[in-house]
Amino acid sequence: MSADPLHHAGTPQRGKTSPPPSGSAASAIEVRRSARRRRTVSAYREGDRTVVLIPARMSEAEEQRWVNVMLDKLAAQESRRSLGDRELAERAERLSAQYFDGRARPASVRWVSNQNTRWGSCTPAEGSIRLSHRLQGMPEYVVDYVLVHELAHLLVPGHGPDFWRLLEAYPRTERARGYLEGVVAASRLPHLPGGSGE
């Protein structure tokens, strides 16, 4: 996966291998710098590690930022390929066990295409959770946050202090909320002529 369609392969220089950020599917990240690579960044899975290819001149701060961007892109790509309704329900069950000791037990969890103003919804009386199809392709930690949010509603219906205390258990709540706020903000931006959307 490349962050730039004009991806130019260079002679890779092996970089450091580091542990992934929490929630990442791979067990290690290897950054490879290339003197021939000018602007592009790309990443791929290689066994149990993620390899990120970057220009040699990139600073440590830029490297870290691009590693996070590429991990999110790979996660989104993998999420698009793999999560159907059955997998979504299994994931909700795992998240309930992990964060709520299995107390949140939905009767159904499914994708829906009629939710365009909210990311998810829950009907506690029925035990049903619905996630917007717009989440498909987003990073796993974002989908997990929305699932955890809706699972919490099975235990506490409103958005009072008890509800938010439950969500504190999910460690990537703030990052996921920021991601979703960014998606909403980006959708409000005017379409600029000559942009990538044309």
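**A loop residue and the sheet beside it**

Author: Leaving aside neighbours within four places in sequence, Q115 in this predicted model is in contact with G120, S121, R130, L131, S132 and R134.

Reader: Is Q115 buried or exposed?

Author: Q115 belongs to the loop that runs between strand 5 (108–112) and strand 6 (120–123). Residues count as buried when their relative accessible area is under 20%. Because the relative accessibility of Q115 is 9%, this residue counts as buried.

Reader: Which backbone oxygen lies 3.4 Å from a polar atom of the side chain of Q115?

Author: R130 is among the residues in contact with Q115, and strand 7 spans residues 128–132. The atom that lies 3.4 Å from a polar atom of the Q115 side chain is the backbone oxygen of R130.

Reader: Which strands stand at the edges of the open sheet?

Author: The sheet is open and mixed in its pairing, with three strands in the order 5-7-6. Each edge strand has a single partner strand, so one side of each is left without a neighbour in the sheet, and these edge strands are strand 5 and strand 6.

Reader: What angle does the direction of helix 3 make with that of strand 7?

Author: Strand 7 runs parallel to strand 5, the two being joined by five bridges, and S108 has S128 in strand 7 as its bridge partner. Helix 3 (residues 140–155) packs on this sheet and touches strand 5, strand 6 and strand 7. The angle between the directions of helix 3 and strand 7 is about 155 degrees.

Key. Residues numbered from 1 in each chain as written. Predicted model: local features only at pLDDT ≥ 70, side-chain atom pairs only at ≥ 80, totals over all residues. Heavy atoms only, no water. Helix = DSSP H or I, 4+ residues; strand = E, 2+ residues; numbered from the N terminus. Buried < 20%, exposed > 50% of the residue type's maximum accessible area, 1.4 Å probe, protein only. Polar contact = N/O pair within 3.5 Å; in protein donor to acceptor, adjacent residues only side chain to side chain. Contact = heavy atoms within 4.5 Å. Pairing = 2+ DSSP bridges. Axes fitted to C-alpha atoms, helices over the stretch in contact; angles between N-to-C directions.
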